[in-house]
Amino acid sequence: MVKKGIIVEVNGREAVLFTQTGEFLKFKSNESLQIGQEYTYKYTNFRPFLIAASLLLCIFLGSFVTIYNQVYASMTVTINPQFRIDVNRFNRIIKVVPLNKDAEDVLSSIKLKNKNINDGLILIVKKAKEKKYITDEYYNNKTKKINIEIDKGDVKLNKFTSEMKNQKLNFEKVYAKLQKIQDRANKRELIKEKLKEKDKQIENQNPKDEKNKIDNKEDLKENNKENKVREEIKNRIKENIKNKINQKDESVPKSKENLQEKIEDKKENPPPKLEEKINTFKEKVKRQKGLN
């Protein structure tokens, strides 16, 4: 860029140029300049480049911050204290969540954010020892162990694993997805084995058992037949009883009518009295004597 004007001030290597547009431009020059001299100043304007560079820097920093805070891997660390740790792609801890009170106790005295995951885990183990959450049962392949279950992504724990080996602490690193796949495969194998055992049992069954099963089926059929016959007999007996009852009900009114007829006959023809019966008997006796 070119600026033309008159030198109005000279101070060693520095000079001030009054331009045709009315600007005062301060610059440095190795030339011997004098006040009132016409001078043409050529320079490069870096301002647009600086603005563009600053914008690019802001974009880069913004994208870097988002990438830095993006969860690349997640893991659950279980001793007795249990922690949920999120790690970025740079192997730095970006979030720690205590999952029980013991974990809160451990985290109260340490800061893990932005630390390398290996250093953070070593610090957790150290504090767990101090708080006596790690006992003798965690050493030399005994019953308890430090479990790290990786749910998402992958994390390099070379430094941590070597430190655990040096301290002779029991440690296990597990990938949750692989573990689920293995569990499913194990279940399928168990089911196949059970089915094979059942097939073998069926093949090894004695023919006597099969005969007994057939006999039992036949006995059941016979019992069913007998029960049917018994039910038929019961039904017939019930029908006979009903018929008899109906017949009695029909005969009752007839007997009533006969009784009434007899009573009316007696009224019309009353029976002889005792005296008449005695007299008739005496007459019969006399007749018999006279005949004799």
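User: Which residues line the largest cavity?

Analyst: Val-10, Gly-12, Arg-13, Glu-14, Ala-15, Ser-29, Glu-31 and Leu-33 line the largest cavity. A cavity is a set of points on a 1 Å grid over the protein atoms alone where a 1.4 Å probe fits but cannot get out, and lining residues have an atom within 4 Å of a point. This is a predicted model, where local features need pLDDT of at least 70, side-chain atom pairs count only at pLDDT 80 or more, and totals for chains, interfaces and linings use all residues. Residues are numbered from 1 along each chain as its sequence is written, and side-chain values use heavy atoms, without hydrogens and water.

User: What volume does the largest cavity have?

Analyst: About 30 Å³. The volume is the space filled by probe spheres set on the grid points, which are joined across faces, edges and corners. One cavity of 30 Å³ or more is counted.

User: Glu-14 is in the lining. Which side chain does Glu-14 meet in a salt bridge?

Analyst: A salt bridge needs a side-chain nitrogen of Lys or Arg within 4 Å of a carboxyl oxygen of Asp or Glu. Glu-14 meets Lys-26, with N to O at 3.9 Å. This pair links distant parts of the chain: Glu-14 is in strand S2 (residues 14-19) and Lys-26 in strand S3 (residues 24-28), twelve residues apart. Strands (E, at least two residues) and helices (H or I, at least four) are DSSP runs, numbered from the N terminus.

User: Are these two partners exposed or partly exposed?

Analyst: Exposed means over 50% relative accessible area, buried under 20%, and partly exposed in between (1.4 Å probe, protein chains only). Lys-26 has 60%, so Lys-26 is exposed. Glu-14 has 30%, so Glu-14 is partly exposed.

User: How many salt bridges are there in the whole structure?

Analyst: Seven. Among them, Lys-131 pairs with Asp-105, the closest N and O atoms being 3.4 Å apart. Lys-131 lies in the loop between helix H3 (117-130) and strand S8 (146-152) and Asp-105 in helix H2 (residues 101-107), so this bridge ties together parts 26 residues apart in sequence. Lys-131 is partly exposed at 35%. Asp-105 is partly exposed too, at 27%. Lys-144 and Glu-137 form another bridge, at 3.5 Å between the closest N and O atoms. Lys-144 has 38% relative accessibility; Glu-137 has 35%.

User: What is the phi of Lys-132?

Analyst: Near 65 degrees, a positive value in a residue other than glycine. Lys-132 sits in the loop between H3 and S8 and is exposed at 69%. Asn-140 also has a positive phi, about 55 degrees, and is not a glycine. Asn-140 lies in the loop between H3 and S8, exposed at 51%.

User: Where is Leu-99?

Analyst: Leu-99 is in the loop between strand S7 (93-98) and H2. Its relative accessible area is 43%, hence partly exposed. Pro-81 is 18 residues from Leu-99 in sequence, and 7.6 Å from it C-alpha to C-alpha.

User: Which residues form the nonpolar patch on the surface?

Analyst: Val-229, Ile-233, Ile-237, Ile-241 and Ile-245, with about 430 Å² of accessible area together. Areas come from the Shrake-Rupley method with a 1.4 Å probe; for residues, only the protein chains shown count as cover. Patch members have over 30% relative accessible area and no salt bridge; nonpolar side chains (Val, Leu, Ile, Met, Phe, Trp, Tyr) are joined within 5 Å, like charges within 9 Å. Ile-245 is in helix H6 (residues 207-268) and is partly exposed at 44%.

Conventions. On a 1 Å grid over the protein atoms alone, a cavity is a set of points where a 1.4 Å probe fits but cannot get out, and a pocket is an open set with protein on both sides within 12 Å along at least five of seven lines; lining residues have an atom within 4 Å of a point.
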